[in-house]
Amino acid sequence: MVTLNHKNNDEKSFGPEDEKDKKKVKAVALLSGGLDSSLAVRMMLDQGVDVEAIAIKTPFCDFDCGKGCGHKVKEVATELGIRLQTVYFGDEYLKMLKNPKYGYGSGMNPCIDCRGMMYNAAKKHMEKINADFIVTGEVLGQRPMSQNHRSFDIIENETNTQGKILRPLSAKHLPITEIEKEGLVNRKNLKNIKGRSRKIQLSLANKYEIIDPPNAAGGCLLTDPMFSKRVKDLYKHEKNVPTINDIELLKIGRHFRLNADCKLIVGRNESENFMVDSLYENSDWILYAKDYAGPVGLLRGENIETDEKLITISAKIILRYADVPKDKESVVKIKTKNFEYEISTVPFKDQEISSFRI
Ligand code: SF4
């Protein structure tokens, strides 16, 4: 740890007098690719801190979705000239989502538990590279669930990172950290941003000549009301923890809950039909209209083979979205791993479908 010779926090400058003895201050940044975390890193680089970043990918927030907070994170790290390590939370994230200790936000977003996992990953990297602290782009009052005094305290206590987290954008609204007390960074040059306005961040972006600063990210897919409905339905009916494959299916198609054990996913276009097909697992059933263009359906669940009614309902839903005559019977092809057959039925009308729609 670096020891510095300052009288008080507002007058601190860097370094022991003998520069040869000076160990460079090192931090691990939680980089999302959004504007706030980029600015936090730039502020640290300005203070001479050596920064390495980690970016977190979850099944609900990846770097390529074009809307999540991870958008362009690799390019951002390159622009910042810092090393980046990506960390993927897979099954352990899905397990946490079943019963997050601190609950959900307005959707199925377990922001406090999620941030806890992120802090833990950053802490692990901090210890690995012998860094002094963790830096984040969090702004007090910007996000209702995870960016307030109470949540900051909870997350630090849960991850045992008290005093090790620096939030440069809001630092002056927060208690002085060990990091500042020890003079690893100069509090005078930290900011006092609060709330949802991005005015100060945009002027900082201008100062740092960030061209085309990214729009504010609205959170991951779990904050989306429609998507959350699907996630909630899945977790309610799945006896075990859902799989990554289950989650990938939630991202495409129309979803229908047929009974407590079974649901149907119907592709909305050619590319979704292809994806439905590619997510097929051995116990799934595939359905499509035999002689007409239309969707591919995937039936997933238990005891499907013993419930003829389930197959008929699924076939009727498939025909509703296929280019078939609306009041005549058409053939639906049904395939499983072990056998295939056909049934003829008429399509459902819209009002008959609505009770199944998730
Ligand atoms: S919005 Fe919440 S749950 Fe989603 S990635 Fe951000 S902190 Fe995690």
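How many bridges join strand E7 (residues 262-266) to E9?

**Before starting**

The structure is a predicted model, in which local features need pLDDT of at least 70 and side-chain atom pairs count only at pLDDT 80 or more, while totals for chains, interfaces and linings use all residues. Residues are numbered from 1 along each chain as its sequence is written.

**Stop 1: the two domains**

Colour residues 9-207 and residues 252-356 separately. The protein chain is divided into domain 1 (9-207) and domain 2 (252-356), with bounds that come from an automatic or database domain assignment. The C-alpha centres of the two domains lie 45 Å apart.

**Stop 2: the open sheet**

Select strands E1 to E5. Helices (H or I, at least four residues) and strands (E, at least two) are DSSP runs, numbered from the N terminus. Two strands pair if DSSP finds at least two bridges between them. Here 5 strands form an open sheet with parallel pairing, in the order E3-E2-E1-E4-E5. Strand E3 (83-88) and strand E5 (165-166) stand at the edges with a single partner strand each, so one side of each is left without a neighbour in the sheet.

Now select strand E2 (residues 50-57) together with E3. These strands run parallel and are joined by 6 bridges. Within this pair, alanine 53 stands opposite leucine 84 in E3.

**Stop 3**

Select strand E9, residues 296-301. A residue is buried if 20 or more other C-beta atoms lie within 10 Å of its own, exposed if 12 or fewer, and partly exposed in between, with C-beta atoms placed from the backbone. In E9, 6 of the 6 residues are buried, so the strand is largely enclosed by the rest of the structure. In a regular strand the side chains alternate between the two faces of the sheet. Both faces of E9 are covered, with Val296, Leu298 and Arg300 buried on one side and Gly297, Leu299 and Gly301 buried on the other.

The opening question is answered here: 5 bridges join E7 to E9, and the two strands run antiparallel. Leucine 264 stands opposite leucine 299 in E9.

E6 and E7 form a hairpin with 2 residues between them.

**Stop 4: glycine 301**

Zoom in on glycine 301, which lies in strand E9. Is glycine 301 buried or exposed? It counts as buried because it has 20 C-beta neighbours inside 10 Å. Two residues are in contact if their C-beta atoms, placed from the backbone, lie within 7 Å. Leaving aside neighbours within four places in sequence, glycine 301 is in contact with Asp261, Cys262 and Lys263.

**Stop 5: two asparagines with positive phi**

Select asparagine 303, in the loop between E9 and helix H11 (308-320). Its phi is near 55 degrees, a positive value in a residue other than glycine. Most residues other than glycine have a negative phi. Asparagine 303 counts as exposed because it has 10 C-beta neighbours inside 10 Å.

Then select asparagine 160, in the loop between helix H5 (149-159) and E5. Its phi is likewise near 55 degrees, and with 10 C-beta neighbours inside 10 Å it counts as exposed.

**Stop 6: the largest nonpolar core**

A nonpolar core is a set of buried Ala, Val, Leu, Ile, Met, Phe, Trp, Tyr and Cys residues joined through C-beta atoms within 7 Å. Select Ala27, Ala29, Leu31, Ile134, Val135 and Ile318, which touch the most other members among the 90 residues of the largest core. Helix H4 (residues 111-128) gives the largest share of this core, 9 residues. Domain 1 and domain 2 both give residues to the core, so it lies between them.

Centre the view on valine 135. Leaving aside neighbours within four places in sequence, its contacts are Ala27, Ala29, Ala40, Val41, Met44, Val51, Leu166 and Pro168.
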